[in-house]
Every structure is written in structure tokens, then in C-alpha cells.
Amino acid sequence: MPIKTVWGAPGTGKTYYLRQEFIKSWFYRGVTGAVLTTFRRTTADDIKADLAEMLNIEQKHLSNNVNTIHGVCYGLLGGKHYKKVIDQSVIKKFNDATGLKFTMGDDDHSEDTHGYISCYSWLKNNLKPLSDAVRYPHFRAMKTSPKTVRERLTIYEDWKQENGYLDFSDMLTEVIEAELCPGCNTLLVDEFQDLTNLQNKIFQMWSHHIPNIVIAGDPLQSIYGFMGGSPDCFNDMKCEKIILPKSRRMPAQVWECAARIAKSGRMNIPEIETNGTDGIVEAINLKTYATHEGLEGTHRMRVFHLVRSRYQIPAIAHTLAEKGILFDGAMGWDDNLFVFVNAVIGVRTEKPLTRVEIAAVFKQYPLKYFNVQNKKDFEDILKNMDNTQFAGLDNGLIKPELYEIMKSPDPMPAVKHKGDLKAKMINNVLKRHTARIKTTDIRTTISTIHGAKGDERDRVFLHTGITPTIKKGMRKNNAEEARVFYVGVTRTKNELFIVKDKGINYNIKAVA
């Protein structure tokens, strides 16, 4: 059972290393050659797309070979033919059936929801019984007695079993109980530092049956402690270790800043060569941030605005919206807003509206502005319109008065569901753009640090504001928060601006 460990700091190519190992095994043994697992779905999807292109095959042919650990386990159990996976709609059914109010956490895992499902997941990921709920790090925030938590989690567990559902922890525990293992010659595990105790138990079981194993990770990027993840799984591996020597991403000053953060958490750092540039690391305050010329990305300089906690996002979104900056990510532009703004631009420039644009206008404005009696009539007429009816603005569906509203300086007062942020986003972008916009015009992103993990930008504005709860937790375990901000700092390829927010801030020194 030879196991090889690859320690790769950000930008050193640990995922590239695993891809090369996968390709070697694929050419030698085909679909039974290797299975490559990751912690996050986005990472698995990116690797799958890269490998499909490199191997000149369709991605669907790699579905059983490249997946998250949960995805591999679900496949071993039989996938959709086995049981249905718990999601928001199933939680609603559970709440309706039991009278409880369970909720699921955020997709980007940026922070714990302090809810029952988060508590349940933490217990399962740490191999603890429901009676240990009081040990859950955020138990006090639940404001419920240990007995009540245990009883409600038992109801949840019994309801899942009775109704044929399973959650992500069930995928792993049921694979362990059935002793199922991928039928491959090589197991490649990316993001190993994020493994929970339950996932590590799966790995240990598989390692006894798979001849060749390569794990890759960076213990300094282990930031899912609230889910049960720990860098100990990586650090405690006693086997051949390879440290990737050079980061293609990291400028010298950025790496020095990241190293100081790691040392503040009393963690070891690898000796690596940076990318040959100094980069920029600068501390700024909120006033300077609000007037900074580099808030918007360009085709040569993509920009991240990163936060530790989601409460910081609205203020940043408003700052960008006031400047008419297109941004995606948290509270950012989506396809519906894009199409609607393009419809407004089309009306203002006397350009014909597309079928999709007319539908977007209908979603935004009340029924009284359209020549129909109800939504179904609108959909039927739009569906049956021929191409000649899209040759001009007079398509028969939209009343003239709505065209006048859309041509006005402010088309928002008549919109059905409007808010201050939405109005700012749309009106200020319309002031800047006289031609239809494209999603590729977005080069600015708002994200939590957790949501940005695995990604990179040319310029990063890293907001250091933290909650009192996070500050309190640092007294017990400073290393965990140091790893979070280590990840935040290392998302940049060139420029890093450390933004001091109002209130409590995590202390990052821009220079030594």
C-alpha cells in the first residue's frame, strides 16, 4: 500500500500533479486505472473539464473517475437508483411533516449556520453520537437544551430512514457499513487537508484495497473546521512526502505576508520559490477603499473583493453598484438582470428585443403594462411569435407606456420587486453602457474567503472584519482563523489590498 503525499502551497501545481498521475493511469488501464476525488464539487468539475480536454473525450466518460468523495460513495451505492439525496425541498417536506424548522447551510460553506443540520453534520463528520451534541462548537448559539437537540436530531434521523432519504454523511457511513471500494488501481485525493474524520475513515478503508495512492493538499488551507475538517489528517500521514518547490502564482511580498499569518498561528510553512515578482501588498482603510481606482476589474486585471463573513457583503455590493461596476458572486449580477438591462438598452437605442429579453421585461414589470390577461396568455403568445415580429420594437405584447418608462432616466419605480441595491445596480450600469452588455464583461467578484478557495485573481481586496464570535474563538484556537486569512491572502497573483473594516478586525501586517 504505497502512499505518496504531495504538499503544495497555493499556485505550486498540486492539482496539475494529480492530473498527470491520472493521465498516466488512464493510458495504462483505462476506466479502471484511477479515481480522483476532491472535497469540493467545483474543484471536481474543473478537474473533470481539464482532463476531458486533455484526453479528448466527453466529460460524461469521466463521471465515475473524477468526483467528490461523496459523489464517489453515492455512485458505489447505486446513485439515483439507491436513495434520494436531502436538499432544500426535502427539508421543507421534513419541516411540514414534523413541525420543526430545520435549515441547510450556504453552498460556499463560508460559515456555520448554527442550526440543527450543521450540528448533525458536525457530529457525523467527527464520528460522534447524537448525545455529544453539546460538544458542537456552536452549540450555545442554538439556544436549545442538549436534550431537545438530541431528540430533534433523532427525529430527523428516523424520518430520513423511514422515507428513503440520505444526506451527505449517510453516503459515507453506508459505504463503510457495506465495505464498498472503487475498483481502481490508483486513488488520487486532492484537498486532503479538508478531510473530516469520517472522510478519513473512508480513505483508510480504501487504502487497504487500492495498490497506489497519491494524496495532495496544503495543511495551511484547512479551513472547514466547523464542518469537522482538520489538517491533522494530512499532517499525521507517515509516508513519502514531496514538497512542490515553486509557486507560479505567488509574488514575493504576498508570500511573505502569508507566511507571517501562518507563523502567527504557530504553523510550519514550506520553503518555496515565488514567481519572480515582488507584487504589491498594501493596507488601506474603508475611506480609501471606497474611492480606490482599482475596484473594477479589466480584461487584464480580474478583481476579487473577499470577506470573512457574509454580513460584510451588502456594503461592498452597494459600493460597487454606486459606481456602475458589473460584478458577480455574492449579491451580484445574474442572467435575469443582464437580460433585463439589455432589453432597456435595446429600447433606448431603438433595437429589436429578442424573445428572451421580452420575457425578462415581463418578469420585472406588472401585468398592466402588457397586452395580455395573464401570465399563460403572455407565454403562449411569446412562444408562437414568428421571427418577423422581432424585427422592431412594436411586437404587440408591450404597451407604449412601458416603452416610455424604459426610455426614461430611471426605469425602476414601476418594477415589481425593487430594492435600493437593485435600483443602484441597474441605473448606474445604464449610465455607463449604451450598448448591450455581456456576461464576459464581468471581471469583478464578491466572495467569502471560503467561497474563493481554489480560485485566484490578479488583484484582491481582502476585508479583515470579523465577528465577536470569531474573535472569541481565536482565544482558544488562533491557528484556525490564521488558516482562513492565509487562504484569503494567497488568492492574488499580483496585488493585495488589506482593507480594515469598521469594528473588530483580524490583524494582518502588510509589511514585516
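**Entry 1: the cores**

I began with the largest nonpolar core, which has 67 residues. A nonpolar core here is a set of buried Ala, Val, Leu, Ile, Met, Phe, Trp, Tyr and Cys residues joined through side-chain atoms within 4.5 Å. Buried means under 20% relative accessible area, while exposed is over 50% and partly exposed is in between, with a 1.4 Å probe and protein chains only. I looked up which members touch the most other members, and they are F192, F203, W206, L462, Y486, V489 and I508. Helix 21 (residues 478-489) gives the most to this core, with 7 residues.

Another core lies apart from it, with 57 residues, and I noted I313, F338, F370 and F378 among them.

Then I picked V489. Leaving out residues up to four places away in sequence, V489 touches V254, C257, A258, I261, L462, L496 and I508. A contact means heavy atoms within 4.5 Å.

**Entry 2: what I'm looking at**

I noted that this is a predicted model, where local features need pLDDT of at least 70 and side-chain atom pairs count only at pLDDT 80 or more, though totals for chains, interfaces and linings use all residues. Residues are numbered from 1 along each chain as its sequence is written, and side-chain values use heavy atoms, with hydrogens and water left out.

Helices (H or I, at least four residues) and strands (E, at least two) are DSSP runs, numbered from the N terminus.

**Entry 3: helix 3 and its two partners**

Next I checked helix 3 (residues 69-77) against helix 9 (residues 197-207): their axes come within 11 Å and cross at roughly 60°. Axes are lines fitted to C-alpha atoms, for helices over the stretch in contact, and angles run from 0 to 180 degrees between N-to-C directions. So I wrote down helix 3 and helix 9 as oblique to each other. For the wording, angles under 35 degrees count as roughly parallel, over 145 as roughly antiparallel, 65 to 115 as roughly perpendicular and the rest as oblique.

The crossing of helix 3 and helix 9 is left-handed. That label is used if the near helix is turned anticlockwise from the far one by less than a right angle, and right-handed is used if clockwise. On the helix 3 side I found I69, H70, V72, C73 and L76, and on the helix 9 side Q199, I202 and W206. This contact has 6 nonpolar residues, 2 polar and no charged. In this sorting, Ala, Val, Leu, Ile, Met, Phe, Trp, Tyr, Cys and Pro count as nonpolar, Asp, Glu, Lys and Arg as charged, and the others, Gly among them, as polar.

Helix 3 also packs with helix 8 (residues 168-178), at an angle of about 55° with the axes 9 Å apart. That makes helix 3 oblique to helix 8. This crossing of helix 3 and helix 8 is left-handed. I69, H70, C73, Y74, L76 and L77 of helix 3 meet F168, M171, L172, E174 and V175 of helix 8. I sorted the contact of helix 3 with helix 8 into 9 nonpolar, 1 polar and 1 charged.

**Entry 4: helix 5**

How many of the 10 residues of helix 5 are buried? I got 8, so helix 5 is largely enclosed by the rest of the structure. The buried ones in helix 5 are Y116, I117, S118, C119, Y120, W122, L123 and N125. They pack against helix 4 (88-98), helix 6 (139-142), helix 7, helix 8 and helix 9.

Y116, C119, Y120, L123 and K124 of helix 5 meet T148, V149, R152, L153, Y156, E157 and K160 of helix 7. By class, the contact of helix 5 with helix 7 has 7 nonpolar, 1 polar and 4 charged residues.

After helix 5 comes L127, whose phi is positive, near 60°.

T37 lies in strand 2 (residues 34-38). T37 is buried, at a relative accessible area of 1%. Beyond four places away in sequence, T37 touches N67, T68, I69, V72, L187, L188, V189 and D190.

A216 sits in strand 7 (residues 212-217). Its relative accessible area is 0%, so I filed A216 as buried.

Q221 is in the loop between strand 7 and helix 10 (232-235). Is Q221 buried or exposed? At 5% relative accessibility, Q221 counts as buried.
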